[in-house]
Amino acid sequence: MSAVGKPTPLIDARAKVTGQGVYTDDIKLPGMLTGKILRSPLPYARIVSIDKSRAEAMPGVRAVVTGRETEVRFGVLPVSRDETAMAVDRVRYIGDCVAGVAADDEEIALDALKRIDVTYEPLPPILTIDEALKPTDLPIHDKTVGGTNVQKAVDQNFGDVEDAFDQSAFVERHQFQFAPVTHAFTEPHCVIAHFDHDGRLTVWSATQVPHYLHRALSEVMQMDMHRIRVIRPMVGGAFGGKSDPFPHEMIAALLSRHTKRPVKILFDREEVFITNHGRHPTRTSMAMGVSKEGLITGLDLKALIDGGAWGSFGVVTTYYNGVLCMGPYRINNFRYSGKRVYTNKSPSGAMRGHGAVNSRFAMEVLADMLAADVGMDPIDFRLKNLLPPMTKTVNEFRITSNGTRECLERVREASGWKEQHGRLPYGEGLGVACGFYISGSALPIHWTKTPQSTVHLKIDSDGGITVHSLAAEIGQGSDTMLAQCVAEPLGVRLDRIRVLTSDSDTAPIDLGSYSSRVTFMAGNAARLAAEQIRTDLIAAASALTGYQTEGFVLQNEKVIYAPDPTVSVTFMDALQEAIKGKGALIARGCYASAPPMGGKFKGAAAGLSPSYTFQAYAARVSVDPETGFVRVRKVWAAHDCGRALNPIAVVGQIQGCVHMGLGQALTEDFRYHRGSILNANLLDYRTLPPDQMPDVEVIVVESQDPEGPFGAKEAGEGPILPVAPAVANAIYDAVGIRMKELPMSPDRILSELQRHPRPQQPSAPAATKKGSRTPAKVRS
Amino acid sequence: MSDAQAKATDLYAIRRARAVPRASIEMTVNGARHLVSVRPYDVLLDVLRERLNLTGTRRGCDMGTCGCCTVLMDGRPVLSCLTLALEADGAAVRTVEGLATGEGLHPVQDAFVRHGASQCGFCTPGFIMTAVDLLEKSPDPGDDAIRAAIAGNMCRCTGYVTIIEAIKDAAAVLRTRGSMVRR
C-alpha cells in the first residue's frame with residue numbers, strides 16, 4: 001500500500017493556509033447585485049398583504065420578490081416537501097423568509113427591506129412540544145397527524161419489552177431533556193445565482209448536498225435539471241447545517257431570473273443562527289432492563305422531538321432516535337415511540353451524529369446505572385452485552401465489521417480505568433460510554449436507479465489523473481480521500497491527481513456529504529474506476545514486455561512484473577502505449593448499496609447501512625462542588641473506522657467530534673423567549689473555548705470492513721456519540737449525581753448537588769459513593 | 001406627479017442626504033502602499049476584502065466573535081471587522097496573503113498543513129495571523145500562552161488540538177532557523 005493508510009495532509013490545505021482558497025463570498029462576478037431577505041418578526045402569523053411598491057421605486061433596487069413568485073414546495077425529503085422559497089400565506093417562525101431584494105449595493109438592499117410593507121395578522125404561536133401535541137384548528141403545516149402539530153409518529157416493537165422487564169432483575173426508567181444546539185460553522189451561508197440570457201441558471205453555494213440543491217432548484221424554478229449548473233466552492237464547515245436545499249438559494253435564483261444578473265446573498269451571523277437546522281431539542285423517556293447476570297433484557301424508548309417550522313430531515317430524525325439504539329449492545333426486546341412536532345421556532349435539522357446523539361446519551365447513562373444495580377464494572381457490563389461482528393440485530397440491521405470490543409479494551413487500558421474508576425477523590429471522576437452509527441444510508445432519499453456515488457477518471461498523455469465527483473469536500477478531507485483511493489490501485493504519486501468535485505456540469509452525480517457516506521460510497525466508486533485504468537495499464541505493459549498480464553502490479557509509478565521485478569515499465573510508458581490509437585483513458589466507477597438489505601416492516605429502511613461504526617470513550621473530569629463547574633481533563637477516544645485511509649483526517653474528525661460533543665455536554669444551548677432566540681451570536685452561544693479543550697488521546701481501531709474501500713468506514717459522525725454520556729458518567733463517578741439534562745451547566749450541577757450533597761465521610765470516597773447507590777428495582 | 005414618482009423623488013432626496021463625506025486613507029498592506037477613499041463607518045475588513053481584493057481575510061460574524069478576520073496592524077492582532085478603516089490611516093497592515101514568499105510557505109502555514117490544523121480552512125487565516133504575532137513576540141510559548149493567544153479565534157472543526165500542535169511545531173522551526181522575522 002502506498003497511498004492508503006499514510007498520514008496525508010489535505011490536498012487543499014495549501015490553498016487554505018495561504019488564504020487563496022475561494023469560498024462563495026470570495027467570488028465577484030460582473031454586474032453582480034446584492035440580495036437581502038426580509039424576515040418575519042413574528043413566530044406565527046397570516047400575511048394579510050405585502051406592498052413592495054415603495055421598495056421597487058427606490059433607485060438602485062433591481063428586483064423585489066415575494067411569496068407570490070412561486071408556491072412550489074420543496075424540502076430535502078420527498079415525503080415532507082413543506083417549504084416554499086418565501087412565505088405564501090403564513091409565516092411560521094421568527095426569521096421566515098417573506099421577501100427578497102436585489103440591489104446595486106448592500107445599503108440600498110437593506111433600505112429597501114424597510115420599505116416593504118407587510119401587514120400580518122398574528123396567530124397564537126405553538127412554542128412547546130406539549131402545545132404541539134394538542135389538536136388545533138390551524139396546524140403549522142397541512143400534513144400532520146390527527147389535527148395536531150405532530151409531523152411524524154413512529155411506533156416500532158420487536159420482541160416483548162413488557163415481558164422482558166417483568167423478568168428483569170432491575171429496570172431503570174428515567175426522563176432526559178436535551179437543549180437545542182447548532183452547528184456553528186464559521187462560514188456563514190452564501191449563495192450566488194446567475195440566470196443568464198441563454199436561459200440557464202448557475203448557482204454557486206456553500207452546500208454539502210449540491211445534488212439535492214440541483215433537484216430542488218429544478219422543481220422550484222420549473223426548469224430542466226440540465227439547464228441548471230450547481231457549483232460548490234470551498235465550504236467553511238457544515239456539520240449537517242448545509243445539507244438542506246434552502247429558501248435563500250431559491251430567492252437568489254428568483255431575483256436573478258428577474259434581473260438576468262448575478263445575485264449574491266450572504267447571511268449575517270444572526271441569520272445563520274435563526275435559520276438553524278441544528279440538533280432537535282428533545283424529551284426522552286427511556287427504560288432499560290437487566291437480568292441478574294448483567295444482560296440487557298430490553299429497551300423501551302419514547303422520544304418527543306421539536307422540529308421547529310419545517311420538515312427538513314425530520315422524518316429520518318424521528319426514526320434515528322429509536323433505531324440507532326440497536327447497537328453496539330444486543331437488544332432482543334425493543335419498543336420505540338417517537339413523535340416529531342412542528343413548532344413556530346427555528347427549524348431543526350441534521351447535525352453531526354444526526355438523530356442518534358440524544359438517545360445515545362440516555363442509553364449510556366442507563367447502562368451505567370444498570371451496571372451499578374447488578375454490581376458490575378461499567379466496562380465489564382458493556383463488554384458482556386456487545387453484539388458480535390457478522391450478526392443481525394432484532395430489527396434486521398446487518399452488522400459486519402465490529403471493533404467495539406477492542407475499542408472498550410483499549411480505552412480501559414489507556415485510561416487506567418481499573419486503578420481510577422470509583423477510586424478517585426471526591427470531585428474527580430472517570431466515566432465511559434459507547435457509540436454506534438451508520439456508515440452511509442443504504443437507501444437513498446430519492447427512489448431512482450442512479451447509483452449513490454459515481455466517479456469518473458480521465459488520464460491523458462500528460463500523465464495527470466483527473467477525478468470527477470460531486471462528493472462535497474466540506475473540510476472533512478473527502479477530496480484527499482478520493483485521491484488516495486485512486487492513487488492506491490494505480491501505484492502513483494498523489495500529486496499526479498487532481499480532484500474536481502465542485503461542478504455539476506462536469507461531475508457525475510453523488511448524493512453529497514451527509515449520513516457519513518462519502519468515504520464508503522464515493523471511495524468505493526473511485527477505487528473501482530481506478531481499477532479499470534489499472535487493467536488498461538497492465539495490458540499495455542504486457543504488450544510492451546511480452547509478459548502475461550496476470551503477474552503485473554502497479555507501484556512506485558511503475559508497472560512491475562511481480563515474478564521478475566527486473567521487468568517493468570514506467571507508468572508514463574505504459575500510459576502512452578495504452579492511449580495509442582484511442583486517446584485519453586477514461587473510466588467510471590459507481591457504488592450502489594446492494595439489495596436486499598433489512599426487514600420488510602414499516603420503517604425497515606431507516607438506519608440501514610452497508611456498515612456501521614463503533615466507539616468507546618472514557619472521560620476524566622473534575623467537578624467543582626462550589627461552583628458546579630465541570631472541567632474535562634482528558635478524553636480517551638477509541639473509534640472503529642474500519643481502516644484509516646488518512647490517519648490525519650480520521651484523527652482530526654475525532655478531535656473535532658470531541659470538541660463539538662463537549663459543547664453540547666457542557667455549554668451550548670439555544671435560549672428562546674416567545675419564539676425568539678436570545679443568544680443568536682457566537683458570544684452568547686458558547687462553543688467550548690480553547691482553554692477548556694481537554695487532551696484527547698485518539699485510539700484508531702481498524703476492524704477492516706469487508707465492503708468498505710480498502711476496509712474503511714466513516715469517521716465523521718459516530719465519534720461524537722460517546723462524548724456527552726462519558727462526561728455524565730464521569731460526573732457521577734466524581735460527585736455521585738446523575739445528570740439527565742443537557743447541557744450539564746454549572747447551575748444544573750449545583751442544583752443536583754443540593755439534592756445529593758457530598759456524603760459525610762469523605763475519607764473513603766469510593767466506598768461512600770458506592771454506598772449512596774440504591775439499586776432498588778424500579779418500576780413505572 | 002404620480003404617487004410612485006413622488007416617492008421616487010423623495011428617495012432621491014434621501015439618497016442625497018445619505019451621501020456621506022469620504023476621506024482618503026493611506027496604509028501599507030503587506031508592504032504595498034494603498035490610497036483608499038473610505039466612508040466614516042467603513043471597516044478595515046471591507047477595505048481588505050472588497051476594495052483590495054484580499055479575500056484571504058474571512059468574514060465570519062461582523063461582530064468580533066469569531067476571529068476569522070484577524071489581521072496584524074502595526075504589530076498587533078486586530079479584528080478587522082471591528083476596526084474602522086479610518087483607524088488604519090497610516091498603519092502597516094499584514095494579512096495572510098503577505099506571509100508566503102516566492103520561496104514557500106511561512107513556517108506557521110507549513111505547520112498548519114502538516115498537522116492537519118486546517119480542515120474547512122475558513123478560520124485558518126485568522127489563526128495563522130494570531131500565531132505569527134504570538135511567535136514574533138514570544139518564540140517559545142507554552143501551551144497556556146498559546147491557548148490564551150488563540151482565545152479570540154474560533155474553530156469548529158479541529159477542537160484546537162492540531163492548531164496548538166502546529167503552533168508549537170512552527171515555534172520550534174522558527175527557533176532553529178534563528179530567523180525570527182520582524183517586519
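## Basis of the description

Residues are numbered from 1 along each chain as its sequence is written, and chains are lettered from A and ligands numbered from 1 in the order in which they are written. The model is predicted, with local features requiring pLDDT of at least 70 and side-chain atom pairs counting only at pLDDT 80 or more, while totals for chains, interfaces and linings use all residues.

Helices (H or I, at least four residues) and strands (E, at least two) are DSSP runs numbered from the N terminus. Two strands pair if DSSP finds at least two bridges between them.

## The six-stranded sheet of chain A

In chain A, 6 strands form an open sheet with mixed pairing, in the order 7-15-14-13-8-31. Its edges are strand 7 (150-158) and strand 31 (741-742) of chain A, each pairing on one side only. Strand 14 (residues 296-306) and strand 15 (residues 334-341) of chain A run parallel and are joined by 8 bridges. A:D306 has A:V341 in strand 15 of chain A as its bridge partner.

Helix 10 (residues 357-373) of chain A packs on this sheet, touching strand 8 (170-178), strand 13 (282-290), strand 14 and strand 31 of chain A. Contact requires C-beta atoms, placed from the backbone, to lie within 7 Å. The direction of helix 10 makes about 30° with that of strand 13 of chain A; axes are lines fitted to C-alpha atoms, for helices over the stretch in contact, and angles run from 0 to 180 degrees between N-to-C directions.

## The four-stranded sheet of chain A

Another open sheet of chain A has 4 strands in the order 21-20-19-25, again with mixed pairing. Strand 21 (497-500) and strand 25 (585-591) of chain A are the edge strands, and the twist averages 20° from one strand to the next. Strand 19 (residues 453-459) and strand 20 (residues 465-468) of chain A pair in the antiparallel sense over 4 bridges, with A:I459 opposite A:I465.

Helix 14 (residues 478-490) of chain A lies across strands 19, 20 and 21 of chain A, at about 135° to strand 21.

## Contact between the chains

In the contact between the chains, 46 residues of chain B meet 48 residues of chain A. Helix 1 of chain B supplies the largest share of chain B's side, 6 residues.

How values were computed. Two residues are in contact if their C-beta atoms, placed from the backbone, lie within 7 Å.
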